[in-house]
Amino acid sequence: MQDSPSATSGLRTHSQSAFNLQSQASTAGGASSGASPLKTSPNPAPMHLKPKTTNVRRMRRIISEDAEWTLAIVPFLTELCIQHIVKNFQNNPILKQLLPEHQKKVLSHLPHDLPLTVTANLIDDENYWHRCCIKRWPVCHVDKHGGSWKRMFFERHLENLLKLFIPGTTDPNVILDLLPLCRNYVRRIQVDQFLPPVRLPTPPQAEEQSDSGSEGEGNEPEKDHYQLESLVAGLKHLEELDLVYGVKDCGMNFEWNLFLFTFRDCHSLAATIKACHTLKVFRLTRSKVDDDKARILIRSLLDHPALEELDLSHNLIGDRGARAAAKLLSHSRLRVLNLANNQVRAPGAQSLAHALAHNTNLVSLNLHLNCIEDEGGQAIAHALETNKCLTRLHLGGNELSEPTATLLSQVLPVNTTLISLNLTCNHIGLDGGKQLLEGMSDNKTILEFDLRLSDVSQESEYLIGQVLHANREATRQRTLSPGYFMSSITNNSTENSVG
């Protein structure tokens, strides 16, 4: 029988070896005994006469399997096209012309460091911008940016450019060139430092000059920071502006002028916020804003069509600035005013109280860490008798004492809109605490009342806490059963019709 053509080379080798062994054995037997049959000798044959046997196991070769081997040696044409698109995306971006499933594959393979000129107005996929944010910033709070990763990327990217901008050194086009790419996505700008221009070394001062003169501000030339006017004018959807004019991590290079908010900065910023008709929140904190600068800024906000929150806390604003803020309450739709940690005294508080008595928009007023004293505190308490919109009032750390507490105890049963009242770090006293407790016993709306470090007895604090607990429980019950409001309205209308 002939071997089949499909037999492997290993089988041929094995058959040929077996045939050679048989031939050698028959030849050796014929030479020793002639024609007689072959007999087995009890003695083993000499070593040089033994036939050489081949170890078949050693002749076999073991080839390991390739786990990635497949019959589909050539990838699909679709995969080749996607790979080519990804590889050449920077020079030839093709995305909108693809099917949705192919777009997902392309976006999942694109690198995160592509130029923004290519990706900004072309890619809207949130997963891609999520990867870009995670690769660039280790901590990402997308909730602060409306839940949009693309918006977060452009807002934080723009903020980083503003923080590192050095006037006179950095090219302004670095920021302005980004404007066409981010104008549709930036709604909030939060910058916690503005770098001043580079100052050349000054010659050594005269020996008779006082050492304290180097710390003053009057002898130093003003250092103007980056002007936001051209940038903000191009952001048509900007709603929040949060700024701090100062320098972070200055180390041994500390100078007071690094934290100087100049008049040119002030006038430029005033023009900027006046022209931004979509601005809802404006914060300028820790920037050494005094009365004059505050009046310039507030004047530009009069009759602003959209402003709802103004935060000028941690500055140097006094009574003149507070009077300007009081005027703003009558010429805007402001809902939140924060003047905490300034230098407002009784006259400024009286101006605010006069505006508060007739205001119908403000819901939160923060005068924490000022010095309005009892004269200013009593004026605000009188305003609460007629005000029907304020829900949160913070008067902590204002040198208030028993006279203010006495007047507040008379106002609390009358006012039905105030929800939160803070009188911490004052000198209310034991008698003032008892009077506040008497006023709270007839109040059903206040849910938060902070009297810590106000010299109030523990008993009064405890009993006021019990009243607050009852008010919160009643509010919770009303929230869980909205039908209560409908039934009360129905009953009132029925009684009126019968009467």
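# Reading the terms in a predicted model

Analyst: In helix 15, Asp 374, Gly 377, Gln 378, Ala 381, His 382, Leu 384 and Glu 385 meet a set of residues in helix 16, namely Pro 403, Thr 404, Leu 407, Leu 408 and Val 411. By class, this contact of helix 15 with helix 16 has six nonpolar, four polar and two charged residues. The model is predicted.

User: What makes helix 15 roughly parallel to helix 16?

Analyst: Helix 15 covers residues 373-386 and helix 16 covers residues 402-411; the two pack at an angle of about 5°, with their axes 9 Å apart. Helix 15 is therefore roughly parallel to helix 16, because angles under 35 degrees count as roughly parallel.

User: Which residues of helix 15 are buried, and what do they pack against?

Analyst: Asp 374, Gly 376, Gly 377, Ala 379, Ile 380, Ala 381, Ala 383 and Leu 384 are the buried residues of helix 15. Their packing partners are helix 14 (346-357), strand 7 (392-394) and helix 16.

User: Why is Ser 351 called buried?

Analyst: The relative accessible area of Ser 351 is 19%. The term buried applies under 20%, so Ser 351 is buried. Ser 351 is found in helix 14. Leaving aside neighbours within four places in sequence, Ser 351 is in contact with Arg 323 and Ala 326. The C-alpha atoms of Ser 351 and Asp 319 are separated by 8.6 Å, while the two residues are 32 residues apart along the chain.

User: How do you know that Leu 260 is buried?

Analyst: Leu 260 has a relative accessible area of 11%. The cut-off for buried is under 20%, so Leu 260 is buried. Leu 260 is found in the loop between strand 2 (240-243) and helix 11 (263-275). Along the chain, Leu 260 and Val 289 are 29 residues apart, and their C-alpha atoms are separated by 9.0 Å.

User: Why does Lys 288 count as partly exposed?

Analyst: Lys 288 has a relative accessibility of 25%. Buried means under 20% and exposed means over 50%, with partly exposed in between, so Lys 288 counts as partly exposed. Lys 288 is found in the loop between strand 3 (281-284) and helix 12 (291-301).

User: What is the phi of Lys 288, and what is the phi of Glu 373?

Analyst: Most residues other than glycine have a negative phi. Lys 288 is not a glycine, although its phi is positive, at about 60°. Glu 373 also has a positive phi of about 60° and is not a glycine. Glu 373 lies in helix 15.

User: Why does Glu 373 count as partly exposed?

Analyst: Glu 373 has a relative accessibility of 40%.

User: What is known of the protein as a whole?

Analyst: The protein has 19 helices and nine strands. Of its 499 residues, 40% count as buried. Of the contacts with a separation of 6 or more, 79% are accounted for by residues 24 or more positions apart.

Technical notes. Residues numbered from 1 in each chain as written. Predicted model: local features only at pLDDT ≥ 70, side-chain atom pairs only at ≥ 80, totals over all residues. Heavy atoms only, no water. Axes fitted to C-alpha atoms, helices over the stretch in contact; angles between N-to-C directions. Helix = DSSP H or I, 4+ residues; strand = E, 2+ residues; numbered from the N terminus. Parallel < 35°, antiparallel > 145°, perpendicular 65-115°, else oblique. Contact = heavy atoms within 4.5 Å. Nonpolar A, V, L, I, M, F, W, Y, C, P; charged D, E, K, R; others polar. Buried < 20%, exposed > 50% of the residue type's maximum accessible area, 1.4 Å probe, protein only.
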